[in-house]
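Let's walk through a protein together, one stop at a time.

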Amino acid sequence: MQLGLKNDEIRLEKYTVKWHDEFIKVKNELLKYTQFGEYRIEHIGSTSIQGMSAKPIIDIVVGVDNLEKVDEELFNSFRKAGFLRLRVEKPNEVVLAKFTDETYQVKTHFIHLVEYQQEIWNNLTFFRDYLNSNEAARKEYLDIKTSYLKNTTSGIKDYTDFKEKFVKSIYNKRNAN
């Protein structure tokens with residue numbers, strides 16, 4: 001299993017259970033270096049969806065009580081586990097990444113630091129759970145991803161935007177319940 005993508009690179013790999021194994025390994029590292037309970041660290045994104053081809057990057061959501069009270073001590077703990085804070089501006093979310101080496105060219109893991117059991121946390125975990133339990137939705141999502149890649153293999157923002165309507169339609173299913 002080869003993890004990692006360069007900046008703005010998009011490539012899908014066939015699903016492998018090794019993604020889950022890698023998540024467990026990293027979760028244990030995070031538990032070692034932080035004060036989080038196990039239930040506040042979840043595997044999300046396409047690598048957490050059974051049978052789904054995905055970008056070879058492990059996405060992890062970590063839930064905090066209050067994002068505004070996150071301090072440098074926590075970021076130091078993440079650094080000990082190999083994660084660095086990115087200069088990504090997202091509302092109600094802090095993004096960290098793990099890299100293959102000190103050139104910081106190839107990202108292998110992302111942490112999405114959000115407020116525990118609030119909207120972003122709930123949307124991300126619901127999306128994973130919904131696609132894991134719904135074969136038709138999994139197929140539709142894979143079709144959307146592969147149709148984008150028929151035309152290009154770069155442009156992470158365009159790739160994300162291309163998938164956004166489908167992703168939001170799944171989030172709306174959570175909000176309808």
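Begin at threonine 34, which sits in the loop that links helix H1 (18–33) to strand E2 (41–44). Keep in mind as you look that this is a predicted model. Is threonine 34 buried or exposed? Its relative accessible area is 5%, and a residue counts as buried when that value is under 20%, so threonine 34 is buried.

Now look at what its side chain reaches. A polar atom there lies 2.6 Å from the backbone oxygen of leucine 30. The backbone nitrogen of phenylalanine 36 lies 3.4 Å from a polar atom of that side chain. If you set aside the neighbours within four places in sequence, threonine 34 is also in contact with Leu74, Ser77 and Phe78.

**The whole protein**

Let's zoom out. The protein has five helices and six strands.

How does the overall size fit with the number of residues? A compact globule of 177 residues would have a radius of gyration near 16 Å, and the protein has 16 Å, so the two agree. The C-alpha trace spans about 40 × 40 × 30 Å along its principal axes. Buried residues account for 45% of the 177 residues. The accessible surface comes to about 10200 Å², and carbon and sulfur atoms hold 46% of that surface.

**Two loops with a positive phi**

Next, visit two residues in loops. Asparagine 92 is in the loop between strand E4 (83–85) and strand E5 (94–99). Its phi is near 60°, a positive value in a residue other than glycine. Asparagine 92 has a relative accessible area of 60%, and the cut-off for exposed is over 50%, so this residue is exposed.

Glutamine 117 belongs to the loop between strand E6 (106–115) and H3. Here phi is near 55°, again a positive value in a residue other than glycine. With a relative accessibility of 47%, glutamine 117 counts as partly exposed.

**Helix H4 and its two sides**

Our last stop is helix H4. At its start, a side-chain oxygen of asparagine 134 reaches to within 3.1 Å of the backbone nitrogen of alanine 136. How far should the helix stretch? H4 has 15 residues (residues 135–149), and at 1.5 Å a residue they should span 21 Å; the end C-alpha atoms are 21 Å apart, which agrees.

Which residues of H4 are buried? They are Ala137, Arg138, Tyr141, Ile144, Lys145, Tyr148 and Leu149. Look down the axis of H4 and you will find these buried residues within an arc of 135°, so they line one face of the helix. Their cover includes helix H3 (119–133) and helix H5 (156–176).

Conventions. Residues are numbered from 1 along each chain as its sequence is written. This is a predicted model: local features need pLDDT of at least 70, side-chain atom pairs count only at pLDDT 80 or more; totals for chains, interfaces and linings use all residues. Side-chain values use heavy atoms; hydrogens and water are left out. Helices (H or I, at least four residues) and strands (E, at least two) are DSSP runs, numbered from the N terminus. The expected span of a helix is 1.5 Å times one less than its number of residues. Buried means under 20% relative accessible area, exposed over 50%, partly exposed in between (1.4 Å probe, protein chains only). The arc is that of the directions from the helix axis to the C-beta atoms. Contact means heavy atoms within 4.5 Å. A polar contact is a pair of N or O atoms within 3.5 Å; within protein, one must be able to donate a hydrogen and the other to accept it, and residues adjacent in sequence count only if both atoms are side-chain atoms. The radius of gyration is taken over C-alpha atoms; the globule rule is 2.2 Å times the number of residues to the power 0.38. Accessible areas come from the Shrake-Rupley method with a 1.4 Å probe; for residues, only the protein chains shown count as cover.
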